[in-house]
Structure formats: structure tokens, C-alpha cells
Amino acid sequence: MINDLVLEIQEFRESLLDLGIEVRSILAPIGQGSSQVSGSSQLSSKDAFLSKTEVKNISQINASSEEFVCVTVAKITTIVMDNYSWCYPACGQCYKKADMQIVPFTCPCGKENDQPVLRYRVEVMVNHKGEQTKFLIWDPECAQLIGQSAEHLLLYCHAIFFNLH
């Protein structure tokens, strides 16, 4: 779940605006966007997810060697920029990584692609009550936080760079 009213997110958006990058939210305002779950339940999709998902703290997440879905509370403290790996080329129909050198290409999902699209893959360090771990934030969540696609952001950054030099 992403809350667009978090102070750090607002500060990040303002820093992008200072660079001239337009930031627009694609999240519904709080209280909107609820949908009914099938059956007689009146829970929103968010409440249904939270009611069926286990809550874990960071030490429980770090102790597990298995993949699982959980809910946790943490503050993003650092965006990890190892090898500038904040995006990757992917199939336009799914999220599988693509080779930029071979176009057009057929993705393992079976879809034909003229060109790969860029998708976000951002590593962040998170902290809560002195415990920390690394999380990956994938394309849909990053696009929600930033308000634009990875491809659009990269094109904009290239335009700024080449106009400065």
C-alpha cells in the first residue's frame, strides 16, 4: 500500500519539481478507490488484502529464507544506486527482462515486441525501530510514487543532461 501523504514522498516529489520534472499522482485520494470484494463482504480491496495478510516486522522478514507476502511498516531511508540500476528493459506486455540488442523480439511470455520498454526496479533500504532491510520496489509502485513511467523519466533526464552540455 502506498500513501501519497508521507512527508518523505512529498519532499521527493518537490525535489523532482525543483529539477523541472512534472510530478502527477495517479493514486486515488484517500477514501476513494474502494471496491467491493465478491460475496457479501463490504470490505474495500485494501481492507480485504490487509485482513488476509500476515503482519511481520523487519526482523521476522530478515529471518525468513522463503518468499512470502506480508504487511510491514517501514521508512525508506536510502535509495540504493548500485550500478545505476533503477530501471531495466522489459517486454511491453509483461515484466520479463528483455535484451536491448535484439529487436524485434519474442518474449518468453509469447508476445511479440518491436522494442522493449523501460520498467522501474528500485532497491531501497528501509528502517523501522532500529531494524533495517533492503526492499525492491517494482514498476507499478514506482510509477505511482513518482507519477510517470521509467521511460518518460529517463528521456527527460537525458534531455536535461544534453541541454546542459
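A quick word on conventions: residues are numbered from 1 along each chain as its sequence is written. In this predicted model, local features need pLDDT of at least 70 and side-chain atom pairs count only at pLDDT 80 or more, while totals for chains, interfaces and linings use all residues, and side-chain values use heavy atoms, without hydrogens and water.

Let's start with the hairpin. Strands S7 (residues 117–128) and S8 (residues 131–138) run antiparallel and are joined by 8 bridges; strands here are DSSP runs of E, at least two residues, and helices are runs of H or I, at least four, numbered from the N terminus. Two strands pair if DSSP finds at least two bridges between them. There are 2 residues between the strands, and lysine 129 takes a positive phi near 55°.

Now, glutamate 123. Glutamate 123 is buried at 12% relative accessibility, whereas lysine 134 is partly exposed at 43% (buried is under 20%, exposed over 50%, partly exposed in between, with a 1.4 Å probe and protein chains only). Arg121 joins Glu123 and Lys134 in a network of salt bridges.

One more pair: aspartate 139 and arginine 119 form a salt bridge, with the closest N and O atoms 3.8 Å apart. Aspartate 139 sits in helix H4 (residues 139–146) and arginine 119 in strand S7, 20 residues apart. Thanks, everyone!

Notes. Salt bridge = Lys/Arg side-chain N within 4 Å of Asp/Glu carboxyl O.
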